[in-house]
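Visitor: I have a model open and want to learn how to read it. Where do we begin?

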Amino acid sequence: VDESGQTITSALRATRRSDLELPVGFYDGVFASPLPTLAVFGPLRGRASGERSLLFARRIAVDGSPPIAAIAEVPSSQLLPVAASSFSGPGLRLSLERGDGSVLATQPPDDRWGGPPRSRDPASLDLSGAPHDLPRGDGSPQARQAVRPTLYPPLVIGASWEVESMLAGWANWRGHVIVASIAIGVVLIC
């Protein structure tokens, strides 16, 4: 798109020359920066799919043309499954967030996470990946969370796991371990 919002070219014939409904502040966020940087907008409902989506945009320079921006609409359901493919389990939740706490996408998908950011000071965010207790004031199960930065500094990826679900495997084997320990103790004493 150009600065006026006119679509110059598109990957899909159906979206060529269609009116894009870009979020408020889109042009300022993409064209105002002196350096081309990635801008992320959303979450919003995708026009083509109806899914919750994010817009990724970057100003690009083409000799002899006015300023233009490349835009990709990515359904949020396609963002985090790659990260979750190495391990997934009950109670594990991945999230893509802004530094201020606004949740952009979750895996498993959950539309309740959108909306206003959680009150969090971006400077106090521990990006080391060390797990810490996730404060819960809504009565939901206790969880542990680790947060790491992405290649784009304003975005972080977080992984939280409910403690109850995390220890479910141990709870299943706890009885067996106790019985085996008692049997070994009896054999050693006798």
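Guide: With pairing. Two strands pair if DSSP finds at least two bridges between them. This is a predicted model. Take leucine 134: its bridge partner in S7 is alanine 143.

Visitor: Which strands does that pairing join, and over how many bridges?

Guide: Strand S6 (residues 132-134) pairs with strand S7 (residues 143-149). The sense is antiparallel, over three bridges.

Visitor: How many bridges join S7 to strand S8?

Guide: Seven, and the two strands run antiparallel. S8 covers residues 155-162. Look for arginine 148: isoleucine 157 in S8 stands opposite. Five residues lie between S7 and S8, and the two strands form a hairpin.

Visitor: Let me step back. What is the secondary structure of the protein chain?

Guide: Four helices and eight strands. Read from the N terminus, the order is α-β-β-β-α-β-β-β-β-β-α-α.

Visitor: In what order do the strands of the three-stranded open sheet come?

Guide: S1-S2-S3, with antiparallel pairing. The edges are strand S1 (38-45) and strand S3 (68-75), since each pairs on one side only. From one strand to the next, the twist averages 25°.

Visitor: How many bridges join S1 to strand S2?

Guide: Six. S2 spans residues 52-60 and runs antiparallel to S1. For a landmark, find alanine 39, which stands opposite alanine 57 in S2.

Visitor: And side chains in a strand?

Guide: In a regular strand they alternate between the two faces of the sheet.

Visitor: Now a single residue. Is serine 95 buried or exposed?

Guide: The cut-off comes first. Buried means under 20% relative accessible area. Serine 95 has 8%, so this residue is buried. Its place is in strand S4 (residues 92-98).

Visitor: What does the side chain of serine 95 make a polar contact with?

Guide: The side chain of glutamate 97, at 2.7 Å.

Visitor: Which residues is serine 95 in contact with, leaving aside neighbours within four places in sequence?

Guide: The list includes Leu80, Val103, Ala105 and Thr106. Val156, Ile157 and Gly158 are also on it.

Visitor: Where is the place of leucine 80?

Guide: In the loop between S3 and helix H2 (81-84). Apply the burial test again. Leucine 80 has 3% relative accessibility, so it counts as buried.

Visitor: What is leucine 80 in contact with, again leaving aside neighbours within four places in sequence?

Guide: Leu94, Ser95 and Leu96 are among them. Leucine 80 and glutamine 107 are 27 residues apart in sequence, yet their C-alpha atoms are 5.9 Å apart.

Visitor: What about burial and contacts over the protein chain?

Guide: Of its 190 residues, 26% count as buried. For contacts, take those between residues at least 6 apart in sequence: 38% of them join residues at least 24 apart.

Visitor: Where does H4 bend?

Guide: At arginine 174, by about 40°. Check both the ends and the axis when you read a helix.

How values were computed. Residues numbered from 1 in each chain as written. Predicted model: local features only at pLDDT ≥ 70, side-chain atom pairs only at ≥ 80, totals over all residues. Heavy atoms only, no water. Bend = angle between axes of the 7 residues up to and from the residue. Buried < 20%, exposed > 50% of the residue type's maximum accessible area, 1.4 Å probe, protein only. Polar contact = N/O pair within 3.5 Å; in protein donor to acceptor, adjacent residues only side chain to side chain. Contact = heavy atoms within 4.5 Å. Axes fitted to C-alpha atoms, helices over the stretch in contact; angles between N-to-C directions.
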